Amino acid sequence: MEKLTVSSSPHIRASENTRSVMLDVLIALAFPLAIAVYYFGPRVLSLAACSVICCVVFEGLYRKLLKKPNSLGDMSAPVTGILLCFVLPVSAPYWLVALGAFFAIVVVKQLYGGLGKNFLNPALAARAFLAGFSSFLVYIKPLADPYLPVFGNYTADAVAQATPLSYLKDVEKLSIEQLPVTEYDWFKNLFLGQMPGSIGEVSSVLLLMGGLYLVVRRVITPRIPAAFIGTVALLTFLFPRGGIEGFEYMRYNLLSGGLILGAVFMATDYATSPITPRGQWVYGVGCGLLTVFFRYFSAMPEGVCYAILLMNTLVWTLDKIGAPRRFGRRWP
Amino acid sequence: MFHRFRGGIHPPGKKDATRHKPIEPLPPPARVFLPMLMHTGVPCEPIVRPDQEVFMGQLVADSKELMSAPIHSPVSGRVLAIEPHPHPNGSRVLSVIIENDGRDMLHETVHPKGSVESLTPEQLLLIIRGAGIVGMGGSAFPTHLKILKAREKMETRERCDTVIINAAECEPYITADHRLMLEAPEEVLGGLRVLMKLLEPKRAVIAVQSNKRDALEALRRTLPGKTRIELLTLRTRYPQGSDKQVVKSVTGREVPPGQLPSDVKCVVFNANTAAALHRAVTTGQPLIRRIVTVSGSAVANAKNLDVRFGTPLADIFNATGGFREQPVKVLTGGPMMGAAQHDLTAPLIKGCNALLAFAGEDVPPPGNEICIRCGRCARVCPAHLLPIYLYMNERKDRLRELEKLHLDDCIECGSCSYICPGRLHLVHSMRTGKQKLRDSRKEAG
């Protein structure tokens with residue numbers, strides 16, 4: 001008899017592994033990526049490719065230089081790459097994307113030990129870092145004719161446009177009694193995504209489809225997105241500003257400013273979100289509260305990025321207070 | 001209707017290989033090896049000498065301790081030796097080795113004990129203890145002790161009100177309980193009647209997972225028109241057959257941490273244990289054989305066999321036609337909680353319901369263990385634990401944290417390891433952590 005393998009139970013494993021989970025996320029990200037190509041042109045694809053390649057190269061190089069096991073097979077670097085390009089406008093120069101990829105992969109992810117060990121969302125932390133280069137981040141009109149060229153310069157003034165939320169902020173400042181509905185039609189511009197914005201944030205409907213795919217595949221639970229979006233919806237409906245009617249104001253806040261992207265793809269990032277159901281509810285509500293807080297009381301029109309990054313730091317505490325009821329014991 | 005327990009997984013059942021195969025008796029081998037530990041508890045002491053002639057069903061080893069179960073000869077023949085022999089637990093255990101004379105001459109003590117109605121509870125208990133019956137679902141806990149503990153509470157308010165025959169059989173591959181219920185439903189029901197006489201419960205339930213509806217049908221046909229026995233269909237979900245989960249499914253009650261089903265007025269017995277009780281009373285036959293499912297990708301013919309205890313595992317495989325290809329892993333028990341074997345001269349013992357052999361492609365290769373914090377382990381944990389936090393704390397020897405996270409509540413079902421996309425050895429870490437806690441408590445006195 002040949003030697004038999006002896007190991008502790010269980011002796012079978014589910015077919016799902018880290019790689020298949022990441023591939024599912026990539027599939028979900030393909031929905032909003034596709035429509036972004038339609039709205040902003042082929043430069044979206046070249047930016048995404050640049051971002052993914054930079055992330056993969058930085059991850060591979062870092063682990064090679066530090067003699068750590070190769071981790072490219074887990075496919076988490078491409079996910080970070082796509083998410084990073086999602087939070088940048090199509091006007092972003094390639095060197096800026098590369099800089100962001102370096103920050104996300106090396107500083108935020110690998111320096112803390114790699115996949116699963118980072119305590120901040122890499123793509124969002126990189127976005128916060130790149131905010132210092134705001135002069136390069138110009139929001140472009142969708143369906144501009146012609147599209148922004150893949151290479152070469154562009155005349156910013158011709159195609160730049162205020163994003164819905166910065167537009168909303170101006171409306172609030174001027175205290176216009178009625179929001180002129182002519183500027184942004186809620187269905188065509190906000191829901192379908194024909195608006196200026198970051199590559200991945202514009203189309204709420206496709207982001208939600210991607211989220212639905214992840215829920216159906218049981219990659220994520222709907223708790224965090226539901227709590228996040230629900231909190232923002234409730235607060236903006238109850239406390240509209242600038243003399244705008246509550247429902248209208250809520251619609252603007254939900255469908256723009258990267259809220260859906262943040263709630264579905266960023267706040268649900270495994271490494272930086274709680275695993276306990278109650279922790280996830282509290283986390284989602286916290287993200288929502290902070291987002292509304294930033295939108296109401298700070299100079300930033302969006303706030304989603306910083307809200308999620310702040311909540312990232314509370315994850316372990318939330319899991320501690322969110323620990324499930326002990327089997328065989330009543331609450332508390 | 002059943003209650004739901006939280007968590008659990010749904011691994012591929014893999015039962016089709018044997019679910020339609022009738023139980024075949026396996027001729028006893030030339031030699032049987034009876035380790036003094038065929039149960040959970042105190043080992044027995046041999047009461048036979050080398051060269052002594054023994055008969056089938058004759059007592060060969062016993063113990064004065066309550067937490068033990070006597071051992072009987074499964075064949076007639078001659079005691080060859082009493083010496084250490086490989087045991088399925090991986091060590092060598094003192095064993096009585098008997099040479100089979102092939103005549104299966106019954107010992108004089110093996111005769112019908114009378115009807116359940118005519119026997120007193122005390123007589124029934126003596127019969128059960130004398131027959132060496134233990135939990136045959138895998139625990140191998142002495143059955144007489146379980147009944148005794150429940151009977152101690154009969155005059156109190158905590159008396160047992162529910163007897164559950166656990167035929168969930170939630171582990172993949174195994175069909176030993178399934179075939180028993182199909183082919184001998186009257187034995188399962190007979191065993192339940194013995195238990196009803198002993199424990200006088202309000203409810204007597206046979207709980208079967210929904211993937212065995214034909215077995216339920218067989219039981220239903222055997223039941224008399226008017227009966228108190230309930231047949232309950234449970235949802236197919238691992239670990240449905242775990243004591244705590246089956247109690248929750250049947251009664252909605254949760255067994256508190258560190259306690260037993262009897263603390264919530266339930267007593268649980270495996271279907272094969274019930275059949276053994278029935279046989280011990282009606283035929284007087286002690287526990288000397290059991291139904292074993294032989295399956296897995298490496299075996300040539302998957303089968304359900306009726307095997308005498310003490311038969312070396314290699315003999316059992318050979319009797320089914322050997323291996324289709326070289327096995328890389330051999331298990332006693334199911335793939336979720338079974339034990340990997342390295343020496344196939346080890347014999348079959350009482351708690352072993354399956355013998356599985358896997359070829360290379362079914363044995364997951366070791367990989368990088370990387371937690372991505374997906375939380376699936378916490379989602380599937382039927383004990384309401386957070387395996388990943390336990391794992392991280394165990395790795396860093398933070399024993400106080402392990403206690404705070406209730407590591408001792410872990411039932412080691414393996415659901416967390418099964419589901420983990422990062423392939424972490426979570427259950428292994430739970431076991432190591434429990435050992436570390438035990439060691440530190442011992443040190444502290």
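**Figure 1. A:Ala36 and the residues around it.** Setting aside neighbours within four places in sequence, A:Ala36 touches A:Val44, A:Ile199, A:Gly200 and A:Val202; two residues are in contact if their C-beta atoms, placed from the backbone, lie within 7 Å. This is a predicted model, where local features need pLDDT of at least 70, side-chain atom pairs count only at pLDDT 80 or more, and totals for chains, interfaces and linings use all residues. Residues are numbered from 1 along each chain as its sequence is written, while chains are lettered from A and ligands numbered from 1 in the order in which they are written. A:Ala36 sits in helix α1 of chain A; helices (H or I, at least four residues) and strands (E, at least two) are DSSP runs, numbered from the N terminus. Buried or exposed? A:Ala36 is buried, since 28 other C-beta atoms lie within 10 Å. The cut-offs: a residue is buried if 20 or more other C-beta atoms lie within 10 Å of its own, exposed if 12 or fewer, and partly exposed in between, with C-beta atoms placed from the backbone.

**Figure 2. Helix α1 against helix α3 in chain A.** Here α1 (residues 18–40) and α3 (residues 76–86) of chain A have axes that come within 9 Å and cross at roughly 20°. Axes are lines fitted to C-alpha atoms, for helices over the stretch in contact, and angles run from 0 to 180 degrees between N-to-C directions. So α1(A) and α3(A) are roughly parallel to each other; angles under 35 degrees count as roughly parallel, over 145 as roughly antiparallel, 65 to 115 as roughly perpendicular and the rest as oblique. On the α1(A) side, the contact uses A:Met22, A:Val25, A:Leu26, A:Leu29 and A:Leu33, and on the α3(A) side A:Ser76, A:Pro78, A:Val79 and A:Ile82. Sorted by class, that contact has eight nonpolar residues, one polar and no charged; Ala, Val, Leu, Ile, Met, Phe, Trp, Tyr, Cys and Pro count as nonpolar, Asp, Glu, Lys and Arg as charged, and the others, Gly among them, as polar.

**Figure 3. Helix α3 against helix α4 in chain A.** α3(A) also packs with α4 (residues 94–109) of chain A, at an angle of about 130° and with the axes 10 Å apart. That makes α3(A) oblique to α4(A). From α3(A) come A:Ala77, A:Thr80, A:Gly81, A:Leu84 and A:Cys85, meeting A:Val97, A:Gly100, A:Ala101, A:Ala104 and A:Ile105 of α4(A). The class count for this contact is seven nonpolar, three polar and no charged residues.

**Figure 4. Two backbone spots in chain A.** A:Ser9 and A:Pro10 are joined by a cis peptide bond, with omega about -5°, and A:Pro10 belongs to the segment before α1 of chain A. The other spot is A:Met75, in the loop between α2 (43–65) and α3 of chain A. Its phi is near 65°, a positive value in a residue other than glycine. A:Met75 is partly exposed, with 19 other C-beta atoms within 10 Å.

**Figure 5. Helix α10 of chain B and its cover.** How many of the nine residues of α10(B) are buried? Seven are, so this helix (residues 387–395) is mostly covered: B:Pro387, B:Ile388, B:Tyr389, B:Leu390, B:Tyr391, B:Asn393 and B:Glu394. They pack against α9 (376–380), α11 (399–404), α12 (415–419) and α13 (426–444) of chain B. Just past α10(B), B:Asp397 has a positive phi of about 60°.

**Figure 6. Helix α1 of chain B.** Within this helix (residues 121–130), B:Leu124, B:Ile127, B:Ile128 and B:Arg129 are buried. Their cover includes α2 (143–152), α4 (185–199) and α7 (271–282) of chain B. After α1(B) comes B:Gly132, with a positive phi near 65°.

**Figure 7. Two loops of chain B.** Between β11 (229–234) and α6 (243–251) of chain B, the loop holds B:Pro239, and the peptide bond from B:Tyr238 to B:Pro239 is cis, with omega near -5°. B:Arg373 lies in the loop between β17 (354–358) and α9 of chain B. This arginine has a positive phi of about 60° although it is not a glycine, and B:Arg373 is buried, with 21 other C-beta atoms within 10 Å.

**Figure 8. Where chain A meets chain B.** In this view, 31 residues of chain A are in contact with 46 residues of chain B. The chain A side divides into 15 nonpolar, 10 polar and six charged residues.
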